[in-house]
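Please keep the sequence and the 3D view at hand while reading.

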Amino acid sequence: KNISNNTFTNITYTGVSNVTILSVDRASGNSVIDFNHIENIDGGNGLLRCLSFGTSVAATSISCSNNIIKTASSAIGVTGITSSTANAITTNVNNNEIGFLSTTGASAAGMRFNSGQTVNVFKNKIYDITVNNASAQLDGISVSALATGNYNFHNNTIGNLFTPSAN
């Protein structure tokens with residue numbers, strides 16, 4: 001699957017269900033997710049995942065690069081990029097920009113990795129993420145404690161992570 005050059009902007013969800021803006025599932029062979037633009041998203045009262053590639057992916061390799069995710073919020077939590085690719089042999093996540101994410105819920109992350117065989121994460125820019133909750137969890141990049149595989153992180157820029165209610 002190649003998912004490229006899509007724009008998702010000015011979306012407001014008013015419900016309480018979880019919302020995923022761009023979801024890639026059931027991919028096979030070599031899959032490319034690149035040059036997509038997700039901006040000005042209000043996830044309502046649910047959990048917001050801006051870009052997600054999931055557990056049914058049986059691709060030889062997945063490349064997620066050059067995507068822009070900016071100005072997204074949701075009441076329960078928000079994540080820029082979520083990856084659960086246990087079946088993919090190689091996953092490359094690079095040159096993405098994720099900024100201005102916010103929630104009043106319990107957690108936010110620029111990127112979350114739940115599984116993978118070989119996962120390479122490099123040259124991403126993650127910035128201005130705010131969780132306004134006294135017991136908040138805020139991660140620039142998060143790898144699940146249950147994740148197995150080889151994870152390689154290098155040359156990522158992460159800054160301006162805020163938890164104002166936790167102070």
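Strand β12 (residues 125-131) is joined to β15 by 5 bridges, and the two run parallel; strands here are DSSP runs (E, at least two residues, numbered from the N terminus), and two strands pair if DSSP finds at least two bridges between them. Strands of a sheet pair through backbone hydrogen bonds, either parallel or antiparallel.

This is a predicted model, in which local features need pLDDT of at least 70 and side-chain atom pairs count only at pLDDT 80 or more, while totals for chains, interfaces and linings use all residues. Residues are numbered from 1 along each chain as its sequence is written, and side-chain values use heavy atoms, with hydrogens and water left out.

An open sheet of 6 strands, with parallel pairing, runs in the order β2-β5-β8-β10-β12-β15. Its edge strands, β2 (7-12) and β15 (157-162), each pair on one side only. From one strand to the next the twist averages 5°, where axes are lines fitted to C-alpha atoms and angles run from 0 to 180 degrees between N-to-C directions.

Leaving aside residues up to four places away in sequence, isoleucine 81 touches, among others, Leu51, Phe53 and Arg112, contact meaning heavy atoms within 4.5 Å.

Serine 83 lies in strand β9 (residues 77-94), and its contacts beyond four places in sequence include Phe53 and Arg112.

The structure holds 1 salt bridge, that is, a side-chain nitrogen of Lys or Arg within 4 Å of a carboxyl oxygen of Asp or Glu. Arginine 112 forms a salt bridge with aspartate 139, their closest N and O atoms being 3.7 Å apart. Because arginine 112 lies in strand β11 and aspartate 139 in strand β13 (residues 137-143), the pair ties together parts that are 27 residues apart in sequence.

| Residue | Relative accessible area |
|---|---|
| Serine 83 | 0% |
| Arginine 112 | 16% |
| Aspartate 139 | 17% |

Technical notes. Helix = DSSP H or I, 4+ residues; strand = E, 2+ residues; numbered from the N terminus. Buried < 20%, exposed > 50% of the residue type's maximum accessible area, 1.4 Å probe, protein only.
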